[in-house]
Amino acid sequence: MTLLILGLIVFLGVHSTRMFAPAWREAQIARFGMLPWKAVYAIVSLLGFVLIVHAYGQTRLDPMVLWQPPVWSKHVAGLLMLASFICIAAAYVPGNALKAKVGHPMLAGVKVWGFAHLLSNGNLADVVLFGSFMVWAILEFGTSRRRDKAAGTTYPRISMGRDLLVLFLGVAGTAVFAGFLHLQLIGVRPY
């Protein structure tokens with residue numbers, strides 16, 4: 001569990017510099033340049049991610065069960081994951097209605113992803129992992145929305161075609177991940 005927490009601190013910590021230490025972040029970018037900053041950011045993020053994946057896998061070998069989720073929670077989580085995938089797709093398709101409305105659909109998708117997994121998993125490692133990501137996404141979402149409001153940043157909607165593309169990509173991503181990749185990568189059949 002210690003390694004999982006360390007991985008979360010490293011991964012979410014580096015992803016929180018703009019939220020908790022914006023002046024320090026800007027000073028580092030000014031000092032070293034954007035490209036070196038991004039390189040260090042990517043390396044530290046990857047290190048944190050590897051720690052999380054390894055440690056989470058280890059905790060699943062000897063899980064500490066806090067509660068047994070009811071069967072219905074898996075079905076609700078499936079619907080929430082569809083919403084999460086649609087939000088994540090909206091982050092990558094410029095000019096769609098969801099991005100225009102939400103502003104930061106990736107963070108909204110991570111919030112929903114974390115909540116869905118908390119709902120359908122009852123082990124301590126699940127609560128630590130998914131709860132940490134959910135709390136981080138809630139904080140980062142609020143910070144990003146306030147930053148956009150202060151700067152007058154808006155995200156325009158260009159066309160209905162982009163909205164349909166977001167919907168298609170979200171549904172396709174959900175189908176591929178839930179139907180195949182979740183079992184292959186995580187070792188768990190979601191339904």
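Here is a chat about how some helices and residues in this structure get their labels.

Biologist: What should I keep in mind about the model and its numbering?

Modeller: It's a predicted model, where local features need pLDDT of at least 70, side-chain atom pairs count only at pLDDT 80 or more, and totals for chains, interfaces and linings use all residues. Residues are numbered from 1 along each chain as its sequence is written, and side-chain values use heavy atoms, with hydrogens and water left out.

Biologist: Why are α1 and α8 called roughly parallel?

Modeller: The axes of helix α1 (residues 2-14) and helix α8 (residues 124-151) cross at roughly 15° and come within 11 Å. Angles under 35 degrees count as roughly parallel, over 145 as roughly antiparallel, 65 to 115 as roughly perpendicular and the rest as oblique. So α1 and α8 are roughly parallel to each other. The helices themselves are DSSP runs (H or I, at least four residues), numbered from the N terminus.

Biologist: Which residues of α1 and α8 meet?

Modeller: From α1 you've got Leu4, Ile5, Leu8, Phe11 and Leu12, and they meet Ala125, Val128, Leu129, Ser132, Phe133 and Trp136 in α8. By class, that contact of α1 with α8 has 10 nonpolar, one polar and no charged residues. Contact here means heavy atoms within 4.5 Å.

Biologist: How do you know that the span of helix α4 agrees with its number of residues?

Modeller: The expected span is 1.5 Å times one less than the number of residues. For the 26 residues of α4 (residues 34-59) that should be 38 Å, and the end C-alpha atoms are 37 Å apart, which agrees.

Biologist: Tyr41 is in that helix α4 too. Is Tyr41 buried, exposed or partly exposed, and what makes it so?

Modeller: Buried means under 20% relative accessible area, exposed over 50%, and partly exposed in between (1.4 Å probe, protein chains only). Tyr41 has 26%, so Tyr41 is partly exposed. Leaving aside neighbours within four places in sequence, Tyr41 is in contact with Val14 and His15.

Biologist: And which residues of α4 are buried?

Modeller: Among them are Trp37, Ser45, Gly48 and Leu51. The buried residues of α4 pack against α1, α2 (17-20), α3 (22-32) and α8.

Biologist: Why does Gln28 count as buried?

Modeller: Gln28, in helix α3, has 13% relative accessibility, so Gln28 counts as buried. Not counting residues up to four places away in sequence, Gln28 touches Gly33 and Trp37.

Biologist: What makes His182 buried?

Modeller: His182 lies in helix α9 (residues 160-186), and its relative accessible area is 12%, so His182 is buried. Beyond neighbours within four places in sequence, His182 is in contact with residues including His117 and Pro190.

Terms used: Axes are lines fitted to C-alpha atoms, for helices over the stretch in contact, and angles run from 0 to 180 degrees between N-to-C directions. Helices (H or I, at least four residues) and strands (E, at least two) are DSSP runs, numbered from the N terminus. Ala, Val, Leu, Ile, Met, Phe, Trp, Tyr, Cys and Pro count as nonpolar, Asp, Glu, Lys and Arg as charged, and the others, Gly among them, as polar.
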